[in-house]
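Welcome, and thanks for taking a look at this protein with me. Please have the sequence and the 3D view at hand as you read on.

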Amino acid sequence: MMSSQKPLLCPWLIEQVDSGQYPGLCWVNEEKRQFRIPWKHCLRQNISADDVKIFEAWAIASGRYKPGTDVPNPPIWKRNFRCALARKKHFRKVLDNRNDPHDPHLVYEIQSQEAGGITDGEEDDSSSMMDAELALMAAPSNTRTLENSLSDLRIFDPLTGHSIQSPLERGLAVNIPCRSLVNALPPTDPTPAPVLDVTVKGAQALQPPLEDPNIMISSTTLLKAQMEEWFPDRMLATEFEVSIYYRGRKIREEVVGNTNGLRLSYSSQSAFPYLQDVWFPGTDSTPLIDHQQIKYTNQLLERVDQGLALEVQNNLISAQRYGRCKVFWSLEQTPTSTKPQEVSNKSFTVLYGLAEFNKELYAFLNSHSGSPQFSIWLCFGELWPDPNGKPWNKKMIMVQVTPVCFRLLHELALGNGVSSLKSDEMNLQISDHLSTTSLLSILEEYMDIN
């Protein structure tokens, strides 16, 4: 009869590896310090019960799944198992072959055995709030452990064993425009494409720059045609430019063509088939060399889970957090405010909208105010805007999301017909001169700008 007490992960897992009862779970060295775990994506067509057997066993042992009573959920079993490994300092991932099409697996090394009778449930990731980098980037003489520093941040939700459900999992109605449904369907194999000359771990590293489309407009007639694409029936339908920064260094950039929006995640399979996935690169596949930065960035990434969904809903750009790593946001790269703004995990947080852009662009064209602020800055795991005025490039993980149509219209207004963008960026060019009056007239026709 199984004990009702939750077992300690390290001795339990060693026992399972020794048992030889799990296909693909075995020791890889004679010292029995390193072991491999099969890690096949749950959406693959050739997934079998053997591929998730160890995850199911841990779900049963930890009391999170009762066969015959609970509905089997292999993705949740796998996520909880991965989170349990990530919370334990006794395990270190030494090899990531998740993207191997023939034998996807991970290799872990055991650093030490469990001691002190501490159970997984007692490891809470929340305590008191403090600035992330002051806590994490402390002097080498600081004797605080990484786990204690992260606990003090209160930037993670406590791990309860239950993931935050997506709208689809909750059975809620979601706004999926029919025009984008085909493009929103997930690919047959959701594994990110490999990156040349880089060992991919966790997700893609910075890819060679995409060949950005140049929107060449030779007349106001073509401009109107472009406006009809951006605002069909006066509804916002924009692509997004996404740039991911690790402590100010651009690690990845991508153009999201799905006008429904996107999901930012690290390694969790998507529960949002109508959104386009953008993956955080694993630190092993980036040019980062600072060991402290790598360590703390990994701690944040491991808690991203289902990540953050950013969607276009009724002309509003909104976001909701579904992972344990808290997310904060602003509309400025250098905010004047020092009051943090958190993205909710309970409901969608409105970040920006078409009406707001219209108002700001109209004021800008009439010289009543400065340029519209439409780029969305997301900070994962640290307060933002920073209470102490710390700049964005000192944050571990920052993401810039820019609605393409807003940026191009702003550049058009800024140049009064000639874009000021660099040649290697997305460009909009008008060959015949547009006066501010005629430009306003076109914007009023398609955007309710007044």
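In this predicted model, Asp 290 caps the N-terminal end of helix α9, with a side-chain oxygen 3.1 Å from the backbone nitrogen of Gln 292. Helix α9 itself covers residues 291-301. Its buried residues are Gln 293, Ile 294, Tyr 296, Thr 297, Gln 299, Leu 300 and Leu 301.

Of its 450 residues, 52% count as buried. Among contacts with a separation of 6 or more, 66% are between residues 24 or more positions apart.

Where do the nonpolar residues gather? The largest nonpolar core has 57 residues, and Leu 264, Phe 280, Leu 378 and Phe 380 have the most contacts inside it. Helix α11 (residues 404-415) provides the largest share of this core, seven residues.

Two packed helices are described by the angle between their axes and the distance between the axes. Here are the values for two pairs.

| Helix pair | Angle between axes | Distance between axes |
|---|---|---|
| α1 (residues 9-19) and α3 (residues 74-87) | about 120 degrees | 11 Å |
| α2 and α3 | about 75 degrees | 8 Å |

The angle of about 120 degrees makes α1 oblique to α3. In that contact, Leu 9, Trp 12 and Leu 13 of α1 meet Phe 81, Ala 84 and Leu 85 of α3. The residues there divide into six nonpolar, no polar and no charged.

On the α2 side, the contact is made by Ile 54, Phe 55, Glu 56, Trp 58 and Ala 59, and on the α3 side by Trp 77, Lys 78, Asn 80, Phe 81 and Ala 84. This contact divides into seven nonpolar residues, one polar and two charged. Phe 81 and Ala 84 of α3 take part in the contact with α1 and also in the one with α2.

Between α2 (53-61) and α3 there is a loop, and Ser 62 lies in it. Is Ser 62 buried or exposed? Ser 62 is buried, because its relative accessible area is 12%, under the 20% cut-off. A polar atom of the Ser 62 side chain lies 3.4 Å from the backbone oxygen of Ala 59, and Ala 59 is also one of the α2 residues in the contact with α3.

One last stop is strand β7 (residues 249-256), where Glu 253 has its place. Glu 253 is partly exposed, with a relative accessible area of 30%. Its side chain makes a polar contact of 3.2 Å with the side chain of Lys 250. Glu 253 and Glu 241 are 12 residues apart in sequence, and their C-alpha atoms are 7.4 Å apart in space.

Conventions: Residues are numbered from 1 along each chain as its sequence is written. This is a predicted model: local features need pLDDT of at least 70, side-chain atom pairs count only at pLDDT 80 or more; totals for chains, interfaces and linings use all residues. Side-chain values use heavy atoms; hydrogens and water are left out. Axes are lines fitted to C-alpha atoms, for helices over the stretch in contact, and angles run from 0 to 180 degrees between N-to-C directions. Helices (H or I, at least four residues) and strands (E, at least two) are DSSP runs, numbered from the N terminus. Angles under 35 degrees count as roughly parallel, over 145 as roughly antiparallel, 65 to 115 as roughly perpendicular and the rest as oblique. Contact means heavy atoms within 4.5 Å. Ala, Val, Leu, Ile, Met, Phe, Trp, Tyr, Cys and Pro count as nonpolar, Asp, Glu, Lys and Arg as charged, and the others, Gly among them, as polar. Buried means under 20% relative accessible area, exposed over 50%, partly exposed in between (1.4 Å probe, protein chains only). A polar contact is a pair of N or O atoms within 3.5 Å; within protein, one must be able to donate a hydrogen and the other to accept it, and residues adjacent in sequence count only if both atoms are side-chain atoms. A nonpolar core is a set of buried Ala, Val, Leu, Ile, Met, Phe, Trp, Tyr and Cys residues joined through side-chain atoms within 4.5 Å.
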